[in-house]
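Please examine the sequence and the structure shown here before reading on.

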Amino acid sequence: MRATSDPPRRTPRPGVLLAAVMTGVLVVAMSISGTAVAVPSIGSDLGASGAPLHWVVAGYNLTFAAFTLVCGSLADLFGRRLLFAAGAIVFAAGNAVGALVGDILVLDAARLAAGVGGAAIMASGGALLATFFEGAARTRAFAAMGTMAGVGIAVGPTLSGLLVGAVGWRAAFLVYAAVGLLILGGSLFIAESRASDRPRVDWAGATTFIAGLALVMFAVIEAPEAGWTSPEALGALGAGAVLLVLFLLIERRVAQPVLDLALVRNGPFMAWCLATLTTSVGFLGVLVFLPTYLQGVQGVGAQTAGLMMLMLTAPVLVTPLLGGWLVTRGVPPRGLIILALLFVAGGNGLLTVLHPQIGPLALALPLALIGTGMGLSFGITDGQAMTLVPSAKAGMAAGFLNTLRGGAEALVIAVFGAVLTSVVAARTGSVEIAARATAGDLTGPGSGALAEHLTAAWDIASWGVAALSLAATIGVAVLLARRRESPGAVREAAGTEDDVVPG
C-alpha cells in the first residue's frame, strides 16, 4: 500500500487517540438521545411547542448530518487532528450557550452550532482511526467506536432524565460542554495526519449540499403548522430539491469534489451505508418521541421516562461488541446485518401495541428488538464500509457514512414529528392543540381523547417506519449479494489494489 498521508508531526499515541475519539463519540451520541428526554421540560420552561421545540433536537441532527460530509473532506485537507480539536471547541461552546439562554430561538441556534462541532468530532475521529490503525486493529477500533456510540445512546436518556428531575434541563447541556473541553485537551496529544495531496475546497458543493438539506428539513418541520400545500412549505421543499440536484451536478464536474461520486457507484460500500441509514430510521423516531409520549400521556416524570427508555437503549450498550466479536469469529457480516435490519423492522411493527395504559412489560419486546438491531449495526457497518475505500479518501468516506446516518436521523425526527402533528391535527381540527400534544402537553379537558388521537398517530408512524425498514433490508441484501457474485467489483469501484485499505 503506497503512502497517502503526510508523516505524523509527533509520535502516534494509540491509547490517547482512542480515548479522545471514543469520548467524542460518546458525548455526541449522548447529546442526541439525552436531549429528547428533556424536550417536555424545555417546552414548559421556555413556553415553546410545535416547530420551534422540534428544532431543539432536529436542528442538532441537521447540522451534524450536513457538516459531517464537509468536515470529512476538510479533515483530509487541513488535518484530521486540527478538525477534531476545532469540533470540540464549537461543540463545547454551543452547549454552554444552550445551558444559559432563555429564548427558544436562541437555544435552537446554539443546538445548530453544537451539531457542527459534533460533525467535526465524528468525521475527523473516524478518519483518525482509519489512518493510524490497520487490519484487525482497525476492526476492533471501529467496533469500539460503535460501542461508545451505543453507550452514549444508552446512558443519554437516563442521565438526562436524572439531571432534569434533580436540577433541571440546563445541567445536561453543561455536562456536554464540560466533556467537550476534555476532548479538546486530549486532542493536543494526538499526532496530525492529512492526505498527501492538497485539493482545493469544494465550497460550491459544500454550500449547495448544506443549504439543500436545510431547506428540505425546514419544509418538513414547518409544514404541519404552515400547511403542507402552503407557499412556505412547497417553496422550501422545491428549493431544497433543486439545490440537492445542483450539488450532484457540481460533484460530477468539479476537480476536487467534497463527495467523490465513485463512492456512490461502489455497490458494496453503498450497501453498508444503506444499512446504517435504515437502522437510524428505525431507531431515532422512537428514541426522540417515545419519552415525550410517556411523560405526556402517562404523566410519568423525566426520570421514569429515562429509565423506561433503557429497554430500547441498553441493548445498544452491549451488542456492538457482540457484532464485532461474531465477525472476527467468522460469522458472515452480510447475514448479521440482515438479521439486525429485520430486528429493527419487526420491532417497529410490534410497537403498534402502544396504548395510553401500556406498562413497561408490554413495551419490552419491541424496544429490545429495535435496540438490538441498532447495536449490531453499530458494531459492524463502519468497519466493513471503511475496508472498501482508498485510504486517501478515508476522511471523505467516514464523512459520507456519518452524513447518511445523521441525515437519516435528522429527517426521521422531522418526518416522525410531522406525521404525529398532522394526524392529531386532522383528528382534532386544531394545529395548535396537535403541536402541544406532540410536545407532551395533554392537560385540560378532553385529555383522554387527545391521548387516543396521539396513539393513533403513533400507529401510523410505526407502520410506516416498519415498511420502509423492510424495503431497505431487501435492498441491502441485493447489493451485498452482487458483491459475492463479483468479488472484483469492489476493487474496481473503490480504486486500484494499492489504494485500498486492507481489512
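## Nonpolar surface patch

In this predicted model, Leu342, Leu470, Ile474 and Val478 make up a nonpolar patch on the surface. Together these four residues have about 340 Å² of accessible area. Helix α17, which spans residues 447–485, supplies the largest share of the patch, namely three residues.

Ile474 is one of the patch residues and lies in helix α17. Because exposed means over 50% relative accessible area, Ile474 counts as exposed at 53% relative accessibility.

## Cysteines

The structure contains zero disulfides.

## Confidence in the model

The mean pLDDT of the protein is 82, and 90% of the residues reach 70 or more. Among the elements of the protein, the highest mean pLDDT, 94, belongs to helix α13 (residues 333–350), and the lowest, 43, to helix α18 (residues 488–494). Over residues 1–11 the pLDDT is below 50, and this stretch has 34 contacts in the model beyond near neighbours in sequence.

A further stretch, residues 485–503, stays under 50 in pLDDT. For residues 485–503 the model has 36 contacts beyond four places in sequence. Where pLDDT is low, predicted coordinates should not be read in detail.

Conventions. Residues numbered from 1 in each chain as written. Predicted model: local features only at pLDDT ≥ 70, side-chain atom pairs only at ≥ 80, totals over all residues. Heavy atoms only, no water. Disulfide = S-S within 2.5 Å. Patch = residues over 30% accessible without salt bridge, like charges linked within 9 Å, V, L, I, M, F, W, Y side chains within 5 Å. Areas by Shrake-Rupley, 256 points an atom, 1.4 Å probe, with all protein chains shown as cover. Salt bridge = Lys/Arg side-chain N within 4 Å of Asp/Glu carboxyl O. Helix = DSSP H or I, 4+ residues; strand = E, 2+ residues; numbered from the N terminus. Buried < 20%, exposed > 50% of the residue type's maximum accessible area, 1.4 Å probe, protein only. pLDDT = per-residue confidence, 0-100. Contact = heavy atoms within 4.5 Å.
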